[in-house]
Amino acid sequence: MPDYEGYGGTVKRTHPYLCQELTARQVIDAVRAGMKLFKEQNGQMADGWKTVVAGYSQGGAVAMAVHRMIEQQEGLADELHFCGSVCGAGPYDLIATFRQYVNDDKIYLPAVVPLILKGMCEYMPQLKGYEPSDFLTPSFVDTGVLDMISQKTLSTGDIQERLDAYAKEHPEDMKFYFDDGGDYLKANMVLRPECIAYLTGENVSESDRPKMEALMQALKANTVWGSWTGFGNWQPKHPIMAFHSVTDEVVPFVNYLQAYDYCQQYFNGRRFSSTFFNTHTSAGYMFFGFHCTSLMEDLLQGKASVTNIDQ
């Protein structure tokens with residue numbers, strides 16, 4: 001059971017969080033290596049076996065990225081007996097995600113932003129020479145969030161608690177707000193003014209423009225259907241079974257809508273609406289507790305259909 005790069009045996013490396021092409025390739029390499037080892041140890045696959053890719057949140061985006069790479073790498077869909085994917089609440093479109101954060105002026109899980117920036121500044125050629133701090137406000141950097149991420153000993157929930165504690169100790173620099181979705185920071189507490197301006201279509205200085213254009217290019221390249229190295233444009237050939245809460249506060253629902261617009265007839269979605277399981281995490285419980293297996297069964301039985309689940 002391999003870890004993502006940047007954890008386990010590769011813990012000293014930066015985790016390529018939402019670097020879609022890189023992560024998809026690593027997942028596929030791990031699967032093929034695992035199957036090779038299984039066969040070398042006289043393992044026998046059952047007749048009629050199939051492969052389904054599944055995940056939630058970061059894993060949901062990775063699942064769709066793996067789906068794409070399986071289809072676009074010649075012969076791989078046949079080798080893996082590929083059936084399709086089950087994608088839960090993934091950030092498939094990073095530009096749309098960032099713009100939603102800015103338009104709503106709410107970032108509920110602020111650690112996600114430096115997680116994305118750290119991976120992309122490390123691995124994306126467009127951002128070579130830039131650091132996450134080039135895009136984050138000095139007051140947000142002063143919380144120590146980048147060090148917390150680098151240490152890899154804290155969950156995102158732990159980091160949220162530490163950020164909350166820091167905000168209470170430094171109310172002049174940072175303040176968490178609260179609504180039914182949970183605690184959030186305003187966008188301008190996390191992102192520098194030039195980032196806010198560029199994402200909302202306002203003018204930025206000539207000195208800031210190259211940096212912002214580089215960031216947009218990196219985010220666009222890591223949209224699941226973006227311009228990947230060595231891969232042409234992608235249109236799915238196998239069903240995608242998607243699940244997303246309409247009230248998701250961490251991965252905005254716009255990602256579901258963008259995926260639907262792009263994937264069209266191969267996109268089979270469940271718009272999850274609940275007055276109780278209404279956050280990203282609680283909807284994740286519902287996904288893994290019920291919907292993932294239900295959607296996988298539909299996929300395996302060829303019952304792909306667009307549905308709306310209201311609870």
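This is a predicted model: local features need pLDDT of at least 70, side-chain atom pairs count only at pLDDT 80 or more; totals for chains, interfaces and linings use all residues.
I began with strand E2 (residues 82-88): seven of its seven residues are buried, so E2 is largely enclosed by the rest of the structure. Buried here means under 20% relative accessible area, exposed over 50%, and partly exposed in between, with a 1.4 Å probe and protein chains only. Helices (H or I, at least four residues) and strands (E, at least two) are DSSP runs numbered from the N terminus.

Residues are numbered from 1 along each chain as its sequence is written, and side-chain values use heavy atoms, with hydrogens and water left out.

**Entry 1: neighbours of E2**

I looked up the pairing next; two strands pair if DSSP finds at least two bridges between them. E1 and E2 run parallel and are joined by six bridges. In that pairing I found Tyr 56 opposite Gly 88 of E2. E2 also runs parallel to strand E5 (residues 240-245), with four bridges between them. There, Cys 87 has Ala 242 of E5 as its bridge partner.

**Entry 2: nonpolar cores**

A nonpolar core is a set of buried Ala, Val, Leu, Ile, Met, Phe, Trp, Tyr and Cys residues joined through side-chain atoms within 4.5 Å. The largest one holds 82 residues, and Met 64, Ile 70, Met 120 and Leu 219 touch the most other members. H2 supplies the largest share of this core, eight residues. I picked Ile 70 to follow up: leaving out residues up to four places away in sequence, it touches Ile 28, Val 53, Leu 76, Ala 77, Leu 80 and Phe 82. Contact means heavy atoms within 4.5 Å. I also noted a second, separate core of 13 residues, with Tyr 56, Met 241, Ala 283 and Cys 292 among them.

**Entry 3: Met 212**

Met 212 sits in helix H11 (residues 209-221). Its relative accessibility is 0%, so I logged Met 212 as buried. Not counting residues up to four places away in sequence, Met 212 touches Phe 135, Glu 194, Cys 195 and Tyr 198. I checked the C-alpha atoms of Met 212 and Tyr 198 too: they are 7.0 Å apart, with the two residues 14 apart along the chain.

In helix H12 (residues 254-263) I listed Val 254, Asn 255, Tyr 256, Ala 259, Tyr 262 and Cys 263 as buried. The cover over the buried residues of H12 includes H2, H4, E5 and strand E6 (267-273).

Most residues other than glycine have a negative phi. Gln 264 is not a glycine, yet has a positive phi of about 50°. Gln 264 lies in the loop between H12 and E6, and its 39% relative accessibility makes it partly exposed. Ser 57 is my other case, with a positive phi near 65°. Ser 57 lies in the loop between E1 and H2, and at a relative accessible area of 17% it is buried.

**Entry 4: pockets**

I used a 1 Å grid over the protein atoms alone: a pocket is an open set of points where a 1.4 Å probe fits, with protein on both sides within 12 Å along at least five of seven lines, and lining residues have an atom within 4 Å of a point. Grid points are joined across faces, edges and corners, and a volume is the space filled by probe spheres set on the points.

The largest pocket has about 600 Å³ of space. Its lining has 25 residues, with Pro 2, Gln 26, Val 27, Ala 30 and Val 31 nearest the centre. Helix H1 (20-40), strand E1 (51-56) and helix H2 (58-72) each give at least two lining residues, and H1 gives the most, six. By class I noted 16 nonpolar, five polar and four charged residues. Nonpolar covers Ala, Val, Leu, Ile, Met, Phe, Trp, Tyr, Cys and Pro; charged covers Asp, Glu, Lys and Arg; the others, Gly among them, are polar.

The second largest pocket has about 510 Å³. It is lined by 26 residues, and Leu 109, Thr 156, Val 250, His 280 and Thr 281 lie nearest its centre. Elements giving two or more residues to this lining include helix H4 (94-104), helix H8 (156-169) and helix H13 (280-300). H13 gives the most, four residues. The lining splits into 12 nonpolar, 12 polar and two charged residues.
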